[in-house]
Amino acid sequence: MGTKNNSKLFYTCSLIEFIGRKIKRTRREVVDFLGNDVLERIYEYSDIFHCEPIEKVAAEFIEEVHMTEGVFNNVADCRYHIPDYWTIGEVYERLIEDCYPDEMILEGLWEVYHSWIDESISDYNTDFYYQPRDYIAACYVRGEIL
């Protein structure tokens, strides 16, 4: 449906993942903290933000929107190999690209992070996050793991 390999979306999703790990929040909570306007700014200027260390960019947004630390720690809870934040960012990027047209990418981002699938992708003790992209998209569309 959408542009494949949308680098702006990839960076935005990876930054959401990085921030979530840093402040121990679900990715849905990170998206809520950021809000639509900030998410749009991250997306639009991702090529500029990408030139800075992701730790610095994350710290600036955490401070800007006054994010607080939570208790969600899927990294510590992981009993197996922990996927890096770029890997998980790519899972979200592909899912959003596969399910939403280009002109609805940011709406798609909001919808995906606020759906049931956010919890499934964030559970690193399952093999769901590294399933083929078409399978993950089919699950999302159906509203359940097939």
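Okay, let me start with a definition: a residue is buried under 20% relative accessible area, exposed over 50%, and partly exposed in between, using a 1.4 Å probe and protein chains only.

Before I go on, the caveats. This is a predicted model, where local features need pLDDT of at least 70 and side-chain atom pairs count only at pLDDT 80 or more, while totals for chains, interfaces and linings use all residues. Residues are numbered from 1 along each chain as its sequence is written, and side-chain values use heavy atoms, with hydrogens and water left out.

So, the overall fold. How many helices and strands does the chain have? We get 8 helices and 0 strands, and from the N terminus the elements read α-α-α-α-α-α-α-α. Those are DSSP runs numbered from the N terminus: helices are H or I with at least four residues, strands are E with at least two.

On overall dimensions, a compact globule of 146 residues would have a radius of gyration near 15 Å, and the chain has 14 Å, which agrees. That radius is taken over C-alpha atoms, and the globule rule is 2.2 Å times the number of residues to the power 0.38. The C-alpha trace spans about 40 × 35 × 25 Å along its principal axes.

Buried residues account for 47% of the 146 in the chain. As for contacts, meaning heavy atoms within 4.5 Å, take the ones between residues at least 6 apart in sequence: 76% of them join residues at least 24 apart.

Now the surface. The chain exposes about 7500 Å², with carbon and sulfur atoms supplying 52% of that; accessible areas here are Shrake-Rupley with a 1.4 Å probe, and for residues, only the protein chains shown count as cover. For charges, there are 14 positive and 29 negative side chains, and the centres of the two sets lie 4 Å apart. Lys and Arg count as positive, Asp and Glu as negative, and His and the chain ends are not counted.

Asn 6 lies in the segment before helix 1, and at 10% relative accessibility Asn 6 counts as buried. What does its side chain reach? Two backbone nitrogens: that of Lys 8 at 3.1 Å and that of Leu 9 at 2.9 Å. I'm calling these polar contacts, so pairs of N or O atoms within 3.5 Å; within protein, one must be able to donate a hydrogen and the other to accept it, and residues adjacent in sequence count only if both atoms are side-chain atoms. Skipping residues up to four places away in sequence, Asn 6 also touches Tyr 43, Glu 93, Glu 97 and Ile 105.

Then comes Thr 12, inside helix 1, residues 7-23. Is Thr 12 buried or exposed? Buried, with a relative accessible area of 1%. Its side chain goes to the backbone oxygen of Lys 8 at 2.8 Å. Beyond four places in sequence, Thr 12 touches Leu 39, Ile 42, Tyr 43 and Leu 109.

Over in helix 5 we have Glu 90, partly exposed at 29% relative accessibility. Glu 90 touches Phe 10 and Ser 14, again not counting residues up to four places away. Glu 90 and Asn 6 are 84 residues apart in sequence, yet 9.7 Å apart C-alpha to C-alpha.

Most residues other than glycine have a negative phi. Lys 24 has a positive phi of about 55° although it is not a glycine; Lys 24 sits in the loop between helix 1 and helix 2, 27-44, and is partly exposed at 25%. His 66 has a positive phi too, about 60°. You'll find His 66 in the loop between helix 4 (54-64) and helix 5 (85-99), exposed at 62%.

And back to Glu 69, also found in the loop between helix 4 and helix 5. Which residues does Glu 69 contact, leaving aside neighbours within four places? Lys 22, Ile 23, Lys 24 and Arg 25. Glu 69 and Glu 52, 17 residues apart in sequence, are 23 Å apart, C-alpha to C-alpha.

Key:
The place of a charge is taken as NZ of Lys, CZ of Arg, CG of Asp or CD of Glu.
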